[in-house]
Amino acid sequence: MTTYNTSDFRKGLKVQIDGIPYLMVEMNFRKPGKGNALYECKLKNLVRGTMLDRTYRAGQTLEEADVSEFAAQYLYRQQDMFVFMNNVTYEQYELTKEQVGDAWQFLKDGMECNLMVYNNNPLTVTPPNHVILKVEYAEPTARGNTATNVRKPVKLETGAEIGAPAFVNTGDYLRIDTRTGEYIERANGPE
Amino acid sequence: MGRDSAMRSIAAISQFGDVQMIDPREHNFAPSASLTMLERRGTLLRTLREFFFERGFVEVETPLVAPEIIPELHIEPMRVEGGGYLQASPELHMKRLLAAGAQAIFQVTRSFRAGERGQLHNPEFTIVEWYRVGDDLHAGMDLLDALAQTLLGTPLAARTTYAEAFVRTLGISAHSASPQELANVAQEAGVAVPSGFDESDRDEWLNLLLATRVEPQLGVDRPEILYHYPASQSSLAKVVRSPLGYEVAERFEMYYRGVELANGFHELTDAVEQRRRFEEVNAARLKDGRRPLPMPESLLAAMEHGLPDCTGCSLGFDRLVTLALGGTEIGDVMAFPGD
């Protein structure tokens, strides 16, 4: 495992503190001309998603965190566990509801996602930026009311609810941005 | 048309004004600063040289690599394979010129400091350094102020003592507060204390508070010169007794918009005291787990021969250009930082 010296500190580094993996999301080097250098770091806890501010003096070190990311297929859900499979090694990983977070709304069997693991234990999963999902139920809209700026809640095949334009019907396929959870457009069919 | 006005009209025509900037994120050969910025940087450099020539200064050049370097506690020099150090400032050699009889000298050169990289730092940067024999602390501050007004177009700089700045921002006496009192102030102000920090060291606390709380408030609407540093941070400056009875260093620093631009000294001329301070630096380096640096005997010999009473100052040119041109980091005005 690599040890990072303060002079290696930079945005994007993955480090461990007290056994918890962190992503360095910001690094500010501050140094009065004749004074001691300060390395002000903003660290994102990769388990909880919380932020930590830490300042280091020149010459201090942090251990690299064995964090890796790879493509993984979403297989199925078993009660509160979500099961994924590494596309290359076929190794399976089980994620809790908390680990999956908001991503559950967009997960469909067979979907290729990005899985992040720490010491080979799953941390988080990221679905593709754009997914196409079927509308399981949409309230019928009064004839003629096709204005695009009016939104109504629709239920997706995953069980999630999102806002969609009034013209969307049950059985339609929608393209959705998973980063914002927003409707983009109507699609012709499943991917 | 006289020679001067001919030069100016050439400068007024932009050579790079219409050049489309190439995105350095897409083409790794491309400079990080726009050519327009670099052209304006060049114009500022010419104005700076004219400023010194108008005042009778002689431009000099000194080595970038030398077997000796000024030992500093918080500046890590870069060693050169085969021996020697890339100079962290031209001070050592410029003082040797002064001891040999030079009167008013300036230099625009590169300085090197290992590991210093950030929005306002680059391991290699452009430094402007000057000395004038006969100048005391206030004459030195006057000259720096005049230079800032010329290059930044700013009004007269505010002048604030180190002690006043600490009282203003933190309500504490920088010269008499104990480490414990400084720690309490840091805690109240919500300053994150770095791990591995020596809590019994007053200067560590002062530097931490200066960097995180005092500096960002300095020179908000016009440049501000901080002077009379604690004697423990005198470096190569003379130490005198302040009107309040504290020993203070005749050292000054200019800040503008929270950015440290220049550092000056009413220069210490006592070789014995200077040797003692260098030995102290090396002892502190050793305690901090860093290699001591060779004693700069050539500088001490110059001081023994006789360094005339003078004030000197060095200025970070990249930062000055950044502020003058409205950039936010020195990479905006340096062609190839990070190379």
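Visitor: Which residue in the turn of the hairpin formed by E15(A) and E16(A) has a positive phi?

Guide: This is a predicted model, in which local features need pLDDT of at least 70 and side-chain atom pairs count only at pLDDT 80 or more, while totals for chains, interfaces and linings use all residues. Residues are numbered from 1 along each chain as its sequence is written, and chains are lettered from A and ligands numbered from 1 in the order in which they are written. Strands (DSSP runs of E, at least two residues) and helices (H or I, at least four) are numbered from the N terminus. In this hairpin 4 residues lie between E15(A) and E16(A), and the turn residue with a positive phi, of about 75 degrees, is Gly181(A).

Visitor: Which residue of E15(A) does His130(A) stand opposite?

Guide: Strand E12 (residues 130-138) of chain A also pairs with E15(A), antiparallel and over 5 bridges. The residue of E15(A) opposite His130(A) is Asp177(A).

Visitor: Which residues form the covered face of E15(A)?

Guide: The uncovered face of E15(A) carries Tyr173(A), Arg175(A) and Asp177(A). The covered face consists of Leu174(A) and Ile176(A).

Visitor: Within what arc do the buried residues of H5(B) fall?

Guide: A residue is buried if 20 or more other C-beta atoms lie within 10 Å of its own, exposed if 12 or fewer, and partly exposed in between, with C-beta atoms placed from the backbone. In helix H5 (residues 162-170) of chain B, the buried residues are Tyr162(B), Ala163(B), Ala165(B), Phe166(B) and Leu170(B). They line one face of the helix, because the arc (that of the directions from the helix axis to the C-beta atoms) is 160 degrees.

Visitor: Which residues touch the most other members of the largest nonpolar core?

Guide: A nonpolar core is a set of buried Ala, Val, Leu, Ile, Met, Phe, Trp, Tyr and Cys residues joined through C-beta atoms within 7 Å. The largest has 94 residues, and those touching the most other members are Leu144(B), Leu209(B) and Met254(B).

Visitor: Which element gives the most to the side of chain B that touches chain A?

Guide: The contact (C-beta atoms, placed from the backbone, within 7 Å) takes 22 residues from chain B and 19 residues from chain A. H7 and strand E11 (259-266) of chain B each supply at least two residues of that side of chain B. With 4 residues, the element that gives the most is H7(B).

Terms used: Pairing = 2+ DSSP bridges. Contact = placed C-beta atoms within 7 Å.
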